[in-house]
Amino acid sequence: MAYSCNIKFTNPNDVCRPGERLMGEVELVLDKPRKYKGIYVVITGYSETEWREREKTEVGGEVKKKREHYKGRLEYFNEIFYLLAQTDGIPVELITGQHKFNFAYTLPGVLPPSWTGEFGHVTYRVKAVLDRPWRPDETHKKNFIVMTNYTIGAQFLYPTKLQEVEQLWCLPFHTMPFTVEAELPKTGFSLTEGVPVIVRIQNESNSTIHEIKFQLRQIITFYSVSPRRQKKESINKMVDIRCKVMDSRKIGLFQRTLALPQLPVTFDTATDLLGISYEVRIEVKVGGLNKNPVVRIPIYIGNISTEPIAPAASPTAIYPTLGHHQSFSSGSGVLDTSLWNISHQMDISAISDASNPSASMTSEASGVNPSAPPPSYDDAMSTSVSFSEKQQQPSEITQKS
């Protein structure tokens, strides 16, 4: 019989959610009798951030560069539970064989998800400490995973429309408007849904449109504590669909469904060291030296969604402005539901001449599986989905890990 000490969790897949009870045991196998002053577990949850930046500072009227070191640590809980303790100062002797010690702890109701990124991490851990007389303490560690709940409220179930207008250079030496309008049926999505996006393009310039990029981007925000509170962002492309499109002076309608991979849910608090957010980014690549028009729409991803509440049609409904050069259109709070019913079942691309705005549609499966199980954290760390598509050809889907 070999000596061993193992920490085991009874929670499925070692996953626990905020407010739930973490349960487990310390299994100790002894090859001979041993004495212990105490056996206890330390259950901790904490986040750490760290990065360096080169900054300019002015010293005595002279500008110098220095490398600033930003870091932070925030502890969510740190609890100690004794499983075995000596009595009257006398160590307890355990006989040869197997010994099991159970432990349980109810997690706080608000916690960030487990995460490991470029500039920080969120870690939840159980450490078993074996305190033996006249010997160094023996420690054994095992991490568990926390998956955060995020409820998609009714305020995220309204349709959203956002447009970008650029003035592209044309010959002879004047500019013409180029309009990109992106539309979502709502901004809150559960993990088993896809994100349908409708893009309308009106190109009044003579610049050629090469392709449209449909992207779902994950934005991880890290914060420091010392020497001061500073923000650092890391952006990951979770879904990237590229569509070869039309020539110049065209009006186009394009729809793509962004299938959600395994992802941690949206999380952001003002006092935490880590925030997770998402956005749909539409970029249209145009010819020449013109700036590519880009539309960004923030979305919220959760694992619990409320029942949709039909918004009342109001001609004065106004959406907030997001970012420079981007503004929501005002108008009715209800979109044309027939278009969204079509887009839920098929992928449509429509192109037409400015002189003849009639559009033709082609359909293909969206690839969203509404019965897919909730994601695990490990899957969420490495999943990335990419699509590549040429005009009038079936889309090819590749999975990157």
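**Contacts, sheets and core of the predicted model**

Phe214 is in contact (heavy atoms within 4.5 Å) with Val197, Val199, Val239, Asp240, Ile241, Cys243, Phe254, Arg256, Leu258, Arg281 and Ile282, neighbours within four places in sequence being left aside. The model is predicted: local features need pLDDT of at least 70 and side-chain atom pairs count only at pLDDT 80 or more, while totals for chains, interfaces and linings use all residues. Residues are numbered from 1 along each chain as its sequence is written, and side-chain values use heavy atoms, with hydrogens and water left out.

Phe214 and Phe144 touch the most other members of the largest nonpolar core, which holds 75 residues. Strand 21 (residues 274-286) supplies the largest share of this core, seven residues. Such a core is a set of buried Ala, Val, Leu, Ile, Met, Phe, Trp, Tyr and Cys residues joined through side-chain atoms within 4.5 Å. Residues are termed buried under 20% relative accessible area, exposed over 50% and partly exposed in between (1.4 Å probe, protein chains only). Cys243, one of the contacts of Phe214, is buried at a relative accessible area of 3%. Cys16 is likewise buried, with a value of 1%. With a disulfide taken as a pair of cysteine sulfur atoms within 2.5 Å, the count is zero.

Over the protein, buried residues make up 47% of the 401 residues. The secondary structure comprises two helices and 27 strands; these are DSSP runs numbered from the N terminus, helices being H or I of at least four residues and strands E of at least two. Among contacts between residues at least 6 apart in sequence, 69% join residues at least 24 apart.

Three strands form an open antiparallel sheet in the order 1-3-8, where pairing requires at least two DSSP bridges between two strands. Strand 1 (4-9) and strand 8 (97-106) each have a single partner strand and stand at the edges, so one side of each is left without a neighbour in the sheet. Neighbouring strands of this sheet are turned by 15° against each other on average, direction ignored; the axes are lines fitted to C-alpha atoms, and angles run from 0 to 180 degrees between N-to-C directions. Strand 1 is joined to strand 3 (residues 21-30) by six bridges in the antiparallel sense. Phe9 stands opposite Gly24 in strand 3.

Strand 10 (120-131) pairs with strand 11 (residues 138-143) over six bridges, again antiparallel. Val129 stands opposite Thr139 in strand 11. The two strands form a hairpin with six residues between them, and Trp134 in the turn has a positive phi of about 65°.

Phe119 lies in the loop between strand 9 (115-116) and strand 10 and is buried, at 15% relative accessible area. Apart from neighbours within four places in sequence, Phe119 is in contact with Glu48, Thr49, Glu50, Trp51, Phe222, Lys232, Glu233 and Ser234. Phe119 and Glu233 are separated by 114 residues in sequence and by 8.8 Å in space, C-alpha to C-alpha.

Thr148 occupies the loop between strand 12 (145-146) and strand 13 (151-152) and counts as buried because its relative accessibility is 8%. The Thr148 side chain reaches the backbone oxygen of Leu111 at 2.9 Å. Contacts of Thr148, with neighbours within four places in sequence left aside, are Arg17, Pro18, Leu111, Pro112, Pro113, Val265, Phe267 and Asn303.

Technical notes:
A polar contact is a pair of N or O atoms within 3.5 Å; within protein, one must be able to donate a hydrogen and the other to accept it, and residues adjacent in sequence count only if both atoms are side-chain atoms.
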